[in-house]
Amino acid sequence: MSLPSVPSAPLSFALADDPRPTLELSPIERSGRLSENWADYERTANPRTLRTYQAGVAKLVAWMDKQGLAYTFPVDPVSPRTLAAWIDDRGENLKPASARNYLSGINKMHVLAGWPAPSKAIAVENAIKRLVMDTKAPQRQALPLRWESIRCALGGMSDSLIDLRDAALVCLAFDTLARASELVALNVSDFREGPNGYSVWIARSKTDQSGDGQFRFVSDEAAQRLTAWIEAATLEQDAAIFIPLSTVQTDAPADRISSRDVSRIYKRRCGAEYSAHSTRVGGAVAQREAGIDSGLIMASGGWKSPVMVARYTKEADAQRSGAAQLARLQGRAWSGREM
């Protein structure tokens with residue numbers, strides 16, 4: 001007895017899942033593989049990271065065009081020697097941190113297209129080392145915004161809506177060590193009161209792309225200022241905590257302030273020398289000066305590694321070094337400066 005024939009279903013692999021190496025694909029298929037993988041990557045990547053990656057590729061393409069070099073990626077990978085020459089050219093006053101960020105984007109593009117990451121080549125690594133050695137001035141760090149400066153600024157604020165909002169923002173930023181992007185993403189419902197005190201829920205951050213989230217501590221003073229602002233502005237639970245208060249009418253008004261607005265507020269309230277990152281740096285430095293160890297500072301600001309904490313607090317750490325402790329024991333340190 002013969003079995004009835006079953007029509008065969010054609011197999012249709014997406015280019016992203018095609019088992020063939022990229023080298024075996026046609027030029028059109030190579031472009032298609034990158035497009036498919038990039039579209040999938042965009043769904044979970046941080047928008048700021050995407051912009052940095054795209055900026056790096058755009059700068060490389062512009063440089064190659066200026067040099068008369070053909071940019072054929074993703075049909076062909078970018079030569080590590082070409083990347084090394086780009087870095088050595090020092091275009092636009094290139095700094096080590098920017099170069100590494102741009103290279104991360106170029107690496108990501110290559111990996112998504114199925115090519116090896118070119119910046120792993122020795123030629124590129126050596127070019128980065130030369131860039132670091134040739135960069136004479138240390139990279140500028142945001143000026144720490146300390147609580148003393150914040151307290152002084154708070155003393156000059158009133159009960160107006162804009163003053164209530166800005167006071168709540170600066171106090172919350174100092175407590176949570178939150179990045180500007182994390183602050184502007186907060187909703188009213190993220191502000192919580194628990195049996196042990198107040199906190200805010202940071203749903204996603206630069207170093208938490210999986211969206212695990214983290215609770216950050218909020219002091220009673222910051223909580224009182226947040227509550228005063230939320231009640232005065234009659235904000236609903238699903239509303240952004242920090243909304244714009246501009247009187248200028250636009251066709252598409254924003255429902256929350258931007259990261260750039262955070263920087264403007266710090267400058268207006270505390271001084272033109274401060275930036276959006278100043279409360280993050282200031283909070284870390286203040287904790288270190290209070291004798292708090294790196295692990296707890298990392299937890300306070302959502303860092304995954306002690307590297308950035310050490311960078312922010314290196315001046316404060318000098319006052320806690322063995323030499324500093326010895327000077328205090330021998331009575332050679334200035335009085336009133338014990339850590």
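These legends walk through several close-up views of a predicted model.

Local features here need pLDDT of at least 70, side-chain atom pairs count only at pLDDT 80 or more, and totals for chains, interfaces and linings use all residues. Residues are numbered from 1 along each chain as its sequence is written, and side-chain values use heavy atoms, with hydrogens and water left out.

**View 1. The whole chain, before zooming in.** The protein chain carries 15 helices and three strands; these are DSSP runs numbered from the N terminus, with helices being H or I of at least four residues and strands E of at least two. Of its 339 residues, 38% are buried. Buried is under 20% relative accessible area, exposed is over 50%, and partly exposed is in between, using a 1.4 Å probe on protein chains only. Take the contacts (heavy atoms within 4.5 Å) with a separation of 6 or more: 61% of them join residues 24 or more positions apart.

**View 2. The 43-residue core and Trp229.** A nonpolar core is a set of buried Ala, Val, Leu, Ile, Met, Phe, Trp, Tyr and Cys residues joined through side-chain atoms within 4.5 Å. In the largest one, with 43 residues, Leu183, Trp229 and Phe242 touch the most other members. Elements giving two or more residues to this core include α6 (147-154), α8 (180-184), β2 (197-202) and α10 (259-270). Helix α7 hands over the largest share, nine residues. Zoom in on Trp229 and, setting aside neighbours within four places in sequence, you'll find it in contact with Leu161, Leu164, Arg165, Ala168, Leu235, Ile241, Phe242, Ile243 and Leu245. Another core lies apart from this one, with 30 residues, among them Val57, Trp86, Leu103 and Leu131.

**View 3. Helix α3 against helix α5.** Residues 80-89 form α3 and residues 122-134 form α5; the two pack at about 10 degrees, with their axes 8 Å apart. That makes the pair roughly parallel. Axes are lines fitted to C-alpha atoms, for helices over the stretch in contact, and angles run from 0 to 180 degrees between N-to-C directions. Under 35 degrees counts as roughly parallel, over 145 as roughly antiparallel, 65 to 115 as roughly perpendicular, and the rest as oblique. On the α3 side, look for Pro80, Arg81, Leu83, Ala84, Ile87 and Asp88, which meet Ala123, Val124, Ala127, Ile128, Arg130 and Leu131 of α5.

**View 4. Trp303, tucked into a loop.** Trp303 is in the loop between α12 (294-301) and α13 (306-312), and it's buried, at 8% relative accessible area. Beyond neighbours within four places in sequence, Trp303 contacts Leu177, Arg280, Ala284, Ile297, Met298, Met308, Val309 and Tyr312. Ser205 is 98 residues away along the chain, yet its C-alpha atom is 9.9 Å from that of Trp303.

**View 5. Thr22, ahead of the opening helix.** Thr22 lies in the segment before α1 (27-42). At 4% relative accessible area, Thr22 is buried. Not counting residues up to four places away in sequence, Thr22 touches Arg30, Arg33, Ala113, Gly114 and Trp115.

**View 6. Cys152 and Cys270.** A disulfide is a pair of cysteine sulfur atoms within 2.5 Å, and by that rule the count is zero. Cys152 is in no disulfide, and the nearest cysteine sulfur, that of Cys270, is 8.7 Å away. That gap is too far for a bond.
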